[in-house]
Structure formats: C-alpha cells, structure tokens
Amino acid sequence: MARVIAGVSSSHVPAIGAAIDNNRTEEPYWKRVFSGFEKSKEWMAKAKPDVVVGVYNDHASSFSVEIIPTFALGCAAEFPPADEGWGPRPVPVVKGHPDLASHIAQSVILDEFDLTICNKMEVDHGLTVPLNLLFGSPEEWPCPVIPLAVNVVQYPPPTGHRCYMLGRAIRKAIETYPEDLKVVVFGTGGMSHQISGPRAGLINSKFDKAFLDNLTKNPKKLARIPHIEYMREAGAEGIEMVMWLIMRGALDDKVDEVYRFYTVPASNTAVGHIILENKKAAGRKTKRAAAPFKSALRGGRP
Amino acid sequence: MTRAQHDYDDIPGTFVFDAERSRQGYHLNMFCMSLMKAENRQAFKADEEKYLDRFPLTPEQREAILKRQYNRMLELGGNIYFTAKLGATDGHSFQHMAAVMTGSTQEDYAKMMLAGGRPIEGNRSKSGANKAKKAKPRSRSKSGTKRRG
C-alpha cells in the first residue's frame, strides 16, 4: 500500500531558477538562499520517495486566461518544461505517474473535489524550482512527479480550508493505492510577497514565521485564514500560501518538524521552507493496518 | 459601469485580479500572452501600433500598453504574470518593473528588498478600517461579553 511519509514546502521564486540556470548559485546573494537547502537535499537523498505529488501554480505559462482550472491534476506520462518567454528552463522533463495520478483523480472526485484532469500539460518554474532545490540539478529527476496546479492567479483561489481538505482526500487516495510506494507531497509558493502595484516589495516576516509555526502545530488554525488576510498581511501574491495547506492536509495531525529555513529576500520574495514528517515514519507497518479504517471515520464516509 | 466594491479594495497600492478585472482585461492579457512567441515579439517590436490592432483593446488599454504604464494596465484588468511578459519583451528584469510600479529606481527598490522589503506597518489599509475592526472587540469586552473573532 502507498503511504505519505512527509511533506515539504518551499517558495518557488523564478529568480532562483534563473540563478541555477545561469550558474550564479555561488554568488553571495544566492548562496544565502541555496545554503538553506543543503540539509534538505541530504534529507531527500535519505527519504528516497518513490513518487512526489507537487502542488504548485502556473504563472501564465501553461494556462492563460482562456482556461482557469481551480485544481488541475497532471495525469500524463510526462510534463515538458514550459517556455516562459526565454525558452524552456534547461531542466529534465518531469516524468509523471499516470496510474497513481488517475487513481488519485478518481478517488478525490468521488470525495467531492471536482478536479480538472490534465493529460497534456507543460510545467513552469512553480514546479521545477522546488524540484531543483530539493533534488539539485540531476540529468533526470530521481522519481516520478504528479503535478497538481492550483489557480492562485485569478481571485479567488480555493480557500485554505478547501486546500487542507483536498490534502486529506489525496492522502486517503494514496493510502488506497495497492502498490507499496513512499510518497512525499510538496506545497510550493509564498511566502510573503507582492510583485504587483505600488505596494510591490511587501514582506511580512512576522506573518511568515507564525505561518510556519502553525503549519507544524496548528494547521487547522491556518485553514481558517480568510483570503483578505493573506492579501493584506502577506501581499497580493502571498495568497499562494494556501497551496502549502494541501501538503499539510496530506499529513498526520501531529507531525515532526525536521527542518526549517527562512530568508529575505530572493528577488521580491520571502523564501520559506519546511520539512514535516509523519510520526514514526519508520516501522509503521502495524500502524498502517488500521489507517484505512481511521481515514474512513475521518471522512465521514466509508 | 462602476466597479463593484470589495473588502480587498481597502488594501493600499494593490489591484486584485478578480473576475471583473479578468473579464475587462481579457484581450490585454491575451496580447501579453502572445509575446511568449519569438515571432510575435519581433512583430510587436517592429510596429507596436499595428501589432496591437490584432487585439480588441479599449483605447485606455492601448494607451497604457504603448506608454508602458504598468499600474494602469493592472487597473484596466491586466495581471502581473501577463504584463511581466511585456516587460521581458522590452528586456527588463522583474525588479525593474517592480521599481517602476512603486515609483522607485531599480537601485533603491533592490536596496529596500535587501533591507527586508517594504514593511507591513503603515501598508495594511487605506481607511484604517483594519485597525478599527480589531479595536471593536476590546471595547465590547468592557461590558463583560467576550466575543470570539
């Protein structure tokens, strides 16, 4: 049976991707950012997930204003990097896991989350920058990645609560997949930033740090934050942080925070990063046996 | 037609890209999206006015594009991820555009970011309504009734 072993959140600032692509990671400005992910890469090398579910948003790359799906799950076999106006990023093609992805789609739709299914989709820096931060720059990504694109471009994005509940439904779906797979869920975007209008450049470290604290200890409190509060306190584009709640919803109520990193700025943005493990990730065979029963109770439906 | 009022209109210096702006700015954004293709960037650069004829823009949107009035574009329904493509076509970095939108030089803007960014204090609310809301429950609690926010 597949299981979620951990969740990872990270900002996905495009300038981080540009720094990688142009070999500028050793410059002091960028070293400050990249050094915060050294331990994470070590953690990832040990965790060795079989599949990553990558929650991110598209930035007018694959989706324009023609079609704006709230939740779009990538069920294709592969997802080429999108041309974001400067040619596609020189990163490996993201290989999907169509079988698990379509299983997740089927399960969460019956759980009343009306996903859009994408059998053809290109992915932009929103997904590929966090992959770089956690896996470095390999020839091929070390495992399949199932992209889940969330609309945070046109207001309103899904509520934090909806995102949190979708995370729970995704976990339930993963736990009913017969193959024995270790899954890590990525929540990306944020933290505080505003890149539009006269208030551009806004950073609110106090909000960000409280968000990180509560992400570990009290995610249900975060799930109640209304959109106006994100936009007012964390900047118009800081609302991306709702995507972190999908990751958090896919984890246990109580988790171990194994790593955290925060720095200001990367370009226009506060960079936040956290790794949360489900407790007793090792030796959970006995505990696992009870899990489907528990999640059925939680969902209120068998 | 006047714009419907929303709670987020109270956030200073911010144009929230909502359904109404998206509808209003559809062709403006699709124009920006077209700049993803090299041949379109070339055609636009060769003759901006002529290229814009391909899109049913309002005169105001057209003027904002030609004059590179980035805040005005947002006000007229442009979205930053789309208008950024116009900036990129001009060869500008994102920080350059951000500096323009904030009425600052790129150097000063970059300095502000390095020093921790634009502070939230003083930048929450146009009307101060945000503060007033928070003060209300406190004054009510004097009468002994505790309310949960």
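This is a predicted model: local features need pLDDT of at least 70, side-chain atom pairs count only at pLDDT 80 or more; totals for chains, interfaces and linings use all residues.
Helices here are DSSP runs of type H or I with at least four residues, and strands are DSSP runs of type E with at least two. By that count, chain B has ten helices and zero strands.

From the N terminus on, its elements run α-α-α-α-α-α-α-α-α-α. Chain B has 149 residues, and 32% of them count as buried. Take the contacts in chain B between residues at least 6 apart in sequence: 53% of these join residues at least 24 apart.

Now one helix in particular. Which residues of helix 2 of chain B are buried? Helix 2 covers residues 26–34, and the buried ones are B:L28, B:N29, B:F31, B:C32 and B:M33. What covers these buried residues includes helix 4 (48–52), helix 5 (59–66), helix 6 (70–75) and helix 7 (80–89) of chain B.

The pairing with helix 7 can be described in some detail. Two packed helices are described by the angle between their axes and the distance between the axes. For helix 2 and helix 7 of chain B, the angle is about 45° and the axes are 8 Å apart. Angles under 35 degrees would count as roughly parallel, and 65 to 115 as roughly perpendicular. Helix 2 and helix 7 of chain B are therefore oblique to each other. The crossing of helix 2 of chain B past helix 7 of chain B is left-handed. On the helix 2 side of chain B, the contact is made by B:N29, B:C32 and B:M33, and on the helix 7 side by B:F82, B:T83, B:K85 and B:L86. By type, the residues of this contact between helix 2 and helix 7 of chain B are four nonpolar, two polar and one charged.

Next, a loop in chain B. B:R68 lies between helix 5 and helix 6 of chain B. Its phi is near 55°, a positive value in a residue other than glycine. Most residues other than glycine have a negative phi. Is B:R68 buried, exposed or partly exposed? It counts as partly exposed, because it has 15 C-beta neighbours inside 10 Å, and the partly exposed class falls between 12 or fewer for exposed and 20 or more for buried.

Now to where the two chains meet. How many residues does each chain bring to the contact? Chain B gives 43 residues and chain A gives 28 residues. On the chain B side, helix 1 (19–24), helix 2, helix 6, helix 7, helix 8 (94–101) and helix 9 (106–114) of chain B each supply at least two residues. Helix 7 of chain B has the largest share of that side, five residues. The residues of the side of chain B that touches chain A are 25 nonpolar, 13 polar and five charged.

Over to the core. The largest nonpolar core has 126 residues, and those with the most contacts inside it are A:V53, A:V55, A:L73 and A:M243. Helix 6 of chain A, residues 160–175, contributes the largest share of this core, eight residues. As for A:V53, leaving aside neighbours within four places in sequence, it is in contact with A:I146, A:L148, A:I170, A:V183, A:V185 and A:F186.

A:R89 sits in the loop between strand 4 (78–79) and strand 5 (94–95) of chain A. Why does A:R89 count as buried? Because A:R89 has 21 C-beta neighbours inside 10 Å, and the cut-off for buried is 20 or more. Not counting residues up to four places away in sequence, A:R89 touches A:G17, A:D21, A:P81, A:H125 and A:T128. From A:R89 to A:D208 it is 119 residues in sequence and 29 Å in space, C-alpha to C-alpha.

A:E112, in the loop between helix 4 (98–110) and strand 6 (116–118) of chain A, has a phi near 80°, again a positive value in a residue other than glycine. A:E112 is exposed, with 10 other C-beta atoms within 10 Å.

Last, the cis peptide bonds. Most peptide bonds are trans. A cis bond joins A:G190 and A:M191, with omega about -5°, and A:M191 is in the loop between strand 8 (182–188) and helix 7 (205–217) of chain A. A cis bond also joins A:V264 and A:P265, with omega about -10°, and A:P265 is in strand 9 of chain A, residues 255–266.

Terms used:
Residues are numbered from 1 along each chain as its sequence is written. Chains are lettered from A and ligands numbered from 1 in the order in which they are written. Two residues are in contact if their C-beta atoms, placed from the backbone, lie within 7 Å. Ala, Val, Leu, Ile, Met, Phe, Trp, Tyr, Cys and Pro count as nonpolar, Asp, Glu, Lys and Arg as charged, and the others, Gly among them, as polar. Axes are lines fitted to C-alpha atoms, for helices over the stretch in contact, and angles run from 0 to 180 degrees between N-to-C directions. Angles under 35 degrees count as roughly parallel, over 145 as roughly antiparallel, 65 to 115 as roughly perpendicular and the rest as oblique. A crossing is left-handed if the near helix is turned anticlockwise from the far one by less than a right angle, and right-handed if clockwise. A nonpolar core is a set of buried Ala, Val, Leu, Ile, Met, Phe, Trp, Tyr and Cys residues joined through C-beta atoms within 7 Å.
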